[in-house]
Amino acid sequence: MTAVLVTGGSGRLGPTVLERLVEAGFEVRAASRSARPPVGGVRWVVMDLATGQGVTEAVAGVDVIVHLASAPYKGRYTLKVELGGTSVLLAAAREVGVRHLIYTSIVGADRVPWGYFTTKVRAERLVQEGGVPWTILRATQFHGFVDEALRGLARLGVLIVDAGIPAQPVAVADLARHLVSLVGRGPSGEIEEFGGPEVLTMGELAETWLRVRGLRRRVLWVRLPGKLGRAFRAGHLTTKAQPTGKITWAEQLKRP
């Protein structure tokens, strides 16, 4: 049976990936910085990417690593996890002969002038040069991320949106299924992309969000300035890659 280690197993994407891997019949272990009992067919192992503690033990006997762990917008800690942690993980995986490492990144990471995106590209290069067979999967923004951003703005009493920015949010459930398919397929040695089933402007996302949530808020259309705004409006957060997810933005919002 193929043994799969998932880093970031307790994050936004991790629990659904773990569930799908178990359903697919893989031997599944997940990494956490603190001890957890086995649950739902998943064995938890203690590992801290920021310090390197437990990494060697966590990868022992593993065939595939799904590297989901991230630490966005946390200063030096971000670099410790995203770069230092990925380097340590690759070294341990190389030592034990891991057959495939899947690294999750962000659509547009190489085209949008944003600090965290640059860090993801640096981590991608580590994976490409790490000596372990690999697949890099860049995903579009999660539905939940967009939802949280709009909820935060709504608390201010107004939604401030650059309506000219196209986006292609993806459901965690769809992305998890796709990742499991990559585990079964094997390494491609390519940077691949995966997005949601539809491209909508931020204006359309905001209007749908207000309608489904039954909220009344003033929407203030503001053009995001500078290189960042131009990169967003150029569609760099979207992809033409196939296949795509199936769950639309409106469908996701209507789910309990």
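**Helix H6 in its setting**

The protein has nine helices and 11 strands, where helices (H or I, at least four residues) and strands (E, at least two) are DSSP runs numbered from the N terminus. Its radius of gyration is 19 Å, close to the 18 Å that the globule rule gives for 256 residues, so the protein is as compact as a globular protein of that length. That radius is taken over C-alpha atoms, and the globule rule is 2.2 Å times the number of residues to the power 0.38.

This is a predicted model: local features need pLDDT of at least 70, side-chain atom pairs count only at pLDDT 80 or more, and totals for chains, interfaces and linings use all residues. Residues are numbered from 1 along each chain as its sequence is written, and side-chain values use heavy atoms, with hydrogens and water left out.

Along the principal axes, the C-alpha atoms fill a box of roughly 55 × 35 × 35 Å. Of the 256 residues, 51% count as buried. Buried means under 20% relative accessible area, exposed over 50%, and partly exposed in between (1.4 Å probe, protein chains only). Contact means heavy atoms within 4.5 Å. Among contacts between residues at least 6 apart in sequence, 78% join residues at least 24 apart.

Now the helix itself. H6 runs over residues 172-185 and has 14 residues. From first C-alpha to last, H6 reaches 20 Å, close to the 20 Å expected at 1.5 Å a residue. The expected span is 1.5 Å times one less than the number of residues.

H6 is mostly covered, with 10 of its 14 residues buried. Gly-186 follows H6, and its phi is positive, near 105°.

At 1.5 Å a residue, the 12 residues of H7 (residues 202-213) should span 16 Å, and its end C-alpha atoms are 16 Å apart, which agrees. Buried in H7 are Gly-203, Leu-205, Ala-206, Thr-208, Trp-209 and Leu-210. Among the elements covering these residues are helices H5 (143-154) and H9 (249-254). Strands S7 (158-161), S8 (166-167), S10 (200-201) and S11 (218-221) are also included in that cover. Gly-214 follows H7, with a positive phi near 70°.

Tyr-73 has a positive phi of about 60° although it is not a glycine. Tyr-73 is exposed, with a relative accessible area of 54%.

Gly-54 is found between strand S3 (42-46) and helix H2 (55-59). At 15% relative accessibility, Gly-54 counts as buried. Gly-54 touches Val-46 and Met-47, not counting residues up to four places away in sequence. The C-alpha atoms of Gly-54 and Ser-32 are separated by 9.8 Å, with the two residues 22 apart along the chain.

Pro-243 is found in the loop between helix H8 (226-233) and H9. The peptide bond from Gln-242 to Pro-243 is cis, with omega near 0°.
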